[in-house]
Amino acid sequence: ADNAILADSPLNYLKITDSGKITGNEFDGNTQFFSQVSVGGGIGIDINATSANIMINNNYIHDYKLNDTNNIYNQCIGIRIASLPKVDILNNYIKNCFDSNHGGSEYTVGMGIYVLNSLDVRILGNIIQECYVRAGASNNGNAPVFAPLGVLVQNNLFLKISQYSTTDVRGGVLHTDSLFGDPKFDSSGDLTLAPDSPAIDAGPPDPQYNDRDGSRNDIGMFGGHNFIPDGRTT
């Protein structure tokens, strides 16, 4: 559907072929249904669209993961972008897109965000954690962001926990004004930033991305003013 809006929903995965806005959803790859319809870790949001405008903001995308000794391809990816759409990826939390077994051949595996060829992509204010292939990968993959030079990757936070994980972006893309380390969530369990989080007021500085209170964008799921956390109940 052209210019569809998908919000506040629990999802296994999504395929996009036209313009739309994807806001405030949880994409969970670690579910019984997902394992029934796809072999392997799969892809959370798979975009294959030309001349489309797509916004992906304030989503939680997690657990597209495997422990596989076989040859695997195009798996364990949070967001994949093919063809030539215009895409803004803003204030998401992408976590645990990995193959934890180094057996077999792995090609285009273990990435938080994978951009094949489009340059009209902006990746801003996201937390990306544990997106990798154990022991690395000789082919495309094994990176929080894999994209060509020209894609904008700015004001994101990259977190490495496993010894096999990485915070290095690959594919030619450059990153600017990045943070590395613990984003520090509070004790509520809903992924709200703690008062001493380094991600507060560390997102993109342009006023168009400001938080609802007018302050600078916070990195993570609750940054910006396009998403109202209480929207589910108000």
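**Notebook: aromatic pairs and a parallel sheet**

I began with the rings and found that Tyr 60, Tyr 93 and Phe 185 form one aromatic cluster. The model is predicted, so I note its limits: local features need pLDDT of at least 70, side-chain atom pairs count only at pLDDT 80 or more, and totals for chains, interfaces and linings use all residues. Residues are numbered from 1 along each chain as its sequence is written, and side-chain values use heavy atoms, with hydrogens and water left out.

I applied the ring rule: rings of Phe, Tyr and Trp (its six-membered ring) pair if their centres lie within 6.5 Å, with planes under 30 degrees apart counted as stacked, over 60 as edge-to-face and the rest as tilted. The rule gives six aromatic pairs. One of them, Tyr 60 with Tyr 93, is stacked, at 5.3 Å centre to centre and 10° between the planes. Tyr 60 lies in strand 8 (residues 60-62) and Tyr 93 in strand 11 (residues 93-99), so this pair ties together parts 33 residues apart in sequence. Strands are DSSP runs of E, at least two residues, numbered from the N terminus. I found Tyr 60 and Tyr 93 buried (under 20% relative accessible area, 1.4 Å probe, protein chains only).

I then looked up Tyr 114 and Phe 146, which pair edge-to-face at 5.8 Å centre to centre, with 80° between the planes. Both residues are buried.

Last, I traced an open sheet of seven strands, order 2-5-8-11-14-17-19, with parallel pairing (two strands pair if DSSP finds at least two bridges between them). Its edge strands are strand 2 (10-11) and strand 19 (179-180).

Definitions and conventions:
Helix = DSSP H or I, 4+ residues; strand = E, 2+ residues; numbered from the N terminus. Buried < 20%, exposed > 50% of the residue type's maximum accessible area, 1.4 Å probe, protein only.
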